[in-house]
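Dear colleague,

Please find the structure below, handed over for your study.

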Amino acid sequence: METIKQPLKKRVLTAVVSFTLLLSVCLGIIGYRTYYSGVIQQYQKYERDVLTLAINDFDWDSIEECINKGEEDDAFGKLRERLDYIKTNTNIDWLYMVEPLNTEENDNMKYICTGNTPENYAGYKASGEDFVRLGKLSGNEYPPDVAGNYLDFFKNSKPGEFLYYPNKTEWGYAYTTSIVVRNSSGRSE
């Protein structure tokens, strides 16, 4: 009788330990997914709020004229000031406007404007590098697949729609949120 109880105890103990380990792994996976989903939702909301602040109540018709002429004016200066203010007062790593052009290897995006902090400007001055000016082409900064995401969204998005995607850059992983800016007639061009 003693020999029968021993294997039964071992089997029960093994089953309990196995079940506990399996339950722990399952709960860990569920917890990670729940946490990750919550963090992503918070990023999306924060970035939506920042972009909404950047584009609301602004004269985009004047900015469209600047883009078409390739010249900065007072309205463009106000845009730069707004983006600089937002960049300085938020936890956004990059805040910029681009116009997607194509999906080639080089010059597939045209910079419109970037938000910079006083530290960014000091860094540009110290390095002799110029901050992004209206019309500067991207060179090889954007891989064709990223440019394709921007271009597709630019052509096919609905007013007020946001594009979210995680991407790996030379500086590490970034979570990117985009919105297409439209003029008073609703055009994005």
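The notes below describe what was found.

This is a predicted model, in which local features need pLDDT of at least 70 and side-chain atom pairs count only at pLDDT 80 or more, while totals for chains, interfaces and linings use all residues. Residues are numbered from 1 along each chain as its sequence is written, and side-chain values use heavy atoms, with hydrogens and water left out.

The protein chain holds 5 helices and 4 strands (DSSP runs numbered from the N terminus: helices are H or I with at least four residues, strands E with at least two). From the N terminus on, their order is α-α-α-β-β-α-α-β-β.

The radius of gyration, taken over C-alpha atoms (the globule rule is 2.2 Å times the number of residues to the power 0.38), is 25 Å for the protein chain, whereas a compact globule of 189 residues would have a value near 16 Å. The C-alpha atoms fill a box of roughly 95 × 40 × 35 Å along the principal axes.

Of the 189 residues, 34% count as buried (under 20% relative accessible area, with a 1.4 Å probe and protein chains only). In strand β2 (residues 109-114), 6 of the 6 residues are buried, so this strand is largely enclosed by the rest of the structure. Strand β1 (residues 96-100) runs antiparallel to β2, joined by 5 bridges (strands pair if DSSP finds at least two bridges between them). Tyr96 has Thr114 as its bridge partner in β2.

In helix α2 (residues 60-69), the buried residues include Trp60 and Cys66. Just after α2, Gly70 takes a positive phi of about 75°.

Yours sincerely

Definitions and conventions: Buried means under 20% relative accessible area, exposed over 50%, partly exposed in between (1.4 Å probe, protein chains only).
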